Amino acid sequence: MRIIGITGGIGAGKSTVLTLLEQDYHAYILEADKVAHVLMEPGQPAFQQIVEVFSEQILDAEGQIDRGRLGELVFRSPEWLERLNHIVHPEVKRYILEAISRCRQTGDVDYFVIEAALLIEDGYTAICDEIWYIHVPRELRLQRLMLGRGRSREHWERVMENQAADSFYRDHCSRVIENQGSISDIKKQIRELLKNT
C-alpha cells in the first residue's frame with residue numbers, strides 16, 4: 001500500500017485530484033480538515049480543549065463550534081492559529097495513523113491518500129511514501145476562491161498569508177501537479193506519477 005500525501009495552498013484544487021484518485025484508482029481518501037471537523041464536535045477529543053482556549057464565544061446556539069467564527073478569529077492572528085493547530089493536529093494525526101493501520105490489516109487498498117494543508121509542517125513526511133504538491137498560481141487561486149466560495153479578495157489574501165509559500169512546498173514535496181489546465185491534463189499527470197511509484 002502506497003501512502004501518498006497531497007498538499008498545497010487553499011484554492012489549488014486538491015479536491016479535484018482526490019476525486020480523480022478515488023474514482024480512477026480506488027484510493028482510500030482521508031482529508032485532514034474533514035477529520036478535524038469530526039474531532040471538533042461535542043464529545044470528541046478536541047472540542048473541550050478548543051472551548052477552554054477560545055471561550056464559549058465560538059459556540060453557536062446549539063452548542064457546536066461555529067467554524068466560521070473560529071476561522072475569522074484564528075486567521076486574524078498567527079498566535080491563535082498556532083494554538084488551534086496545537087490542539088487539533090495531534091488528534092487528527094492519531095486518527096490517521098489508526099486508519100492506516102486498519103487499511104494495512106485488511107490489505108484491500110493500493111493507495112492511501114492523506115490530504116492536508118499542513119502535511120509537511122505536521123511531520124507527515126515520515127508517514128508518507130511521497131508527497132504531491134498541487135500548484136496553481138496565486139492569482140488564479142484567488143479568482144477560483146472568490147468565484148467558488150464567495151467572500152472578498154482581501155479575505156482570501158489574509159488566509160493565504162497564513163499559508164506556506166510556493167518555494168516551501170517545492171522544497172519539501174517529491175512530486176508536483178500543475179492544476180491550471182483541463183481535467184484530462186490532470187488525469188495524465190496522475191497517471192504518470194502513479195506509473196513511477
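## Residues with positive phi

S55 is found in the loop between α3 (47-54) and α4 (67-75), where helices (H or I, at least four residues) and strands (E, at least two) are DSSP runs numbered from the N terminus. The model is a predicted one, in which local features need pLDDT of at least 70 and side-chain atom pairs count only at pLDDT 80 or more, while totals for chains, interfaces and linings use all residues. Residues are numbered from 1 along each chain as its sequence is written, and side-chain values use heavy atoms, with hydrogens and water left out.

Although S55 is not a glycine, its phi is positive, about 75 degrees. With a relative accessible area of 32%, S55 is partly exposed, a class that lies between buried (under 20% relative accessible area) and exposed (over 50%), computed with a 1.4 Å probe on protein chains only. H26, in the loop between α1 and β2, is likewise not a glycine and has a positive phi of about 50 degrees; at 64% relative accessibility, H26 counts as exposed. As background, most residues other than glycine have a negative phi.

## Helix α1 and its surroundings

Helix α1 covers residues 14-25, and its 12 residues reach 16 Å from the first C-alpha to the last, close to the 16 Å expected at 1.5 Å a residue, the expected span being 1.5 Å times one less than the number of residues. The buried residues of α1 are K14, V17, L18, L20 and L21. These residues cover an arc of only 165 degrees around the axis, which puts them on the same side of α1; the arc is that of the directions from the helix axis to the C-beta atoms.

The elements that cover the buried residues of α1 include β1 (2-7), β2 (28-31), β3 (111-115), β4 (130-135), β5 (175-178) and α9 (183-195), where contact means heavy atoms within 4.5 Å. A12 lies in the loop between β1 and α1 and, at 1% relative accessibility, counts as buried. Leaving out residues up to four places away in sequence, A12 touches I134, V136, R141, R144 and N179. A12 and W132 are 120 residues apart in sequence, and their C-alpha atoms are 12 Å apart in space.

## Helix α9

The 13 residues of α9 should span 18 Å at 1.5 Å a residue, and the end C-alpha atoms are 18 Å apart, which agrees.

Apart from its neighbours within four places in sequence, Q189 is in contact with V176, I177 and E178.

## The crossing of α2 and α5

The axes of helix α2 (residues 32-39) and helix α5 (residues 78-106) come within 9 Å and cross at roughly 110 degrees. That makes α2 roughly perpendicular to α5, a term for angles of 65 to 115 degrees. Axes here are lines fitted to C-alpha atoms, for helices over the stretch in contact, with angles running from 0 to 180 degrees between N-to-C directions.

In this contact, A32, V35, A36 and L39 of α2 meet V88, E91, V92 and Y95 of α5. The residues of the contact divide into seven nonpolar, no polar and one charged, where Ala, Val, Leu, Ile, Met, Phe, Trp, Tyr, Cys and Pro count as nonpolar, Asp, Glu, Lys and Arg as charged, and the others, Gly among them, as polar.

How values were computed: Parallel < 35°, antiparallel > 145°, perpendicular 65-115°, else oblique.
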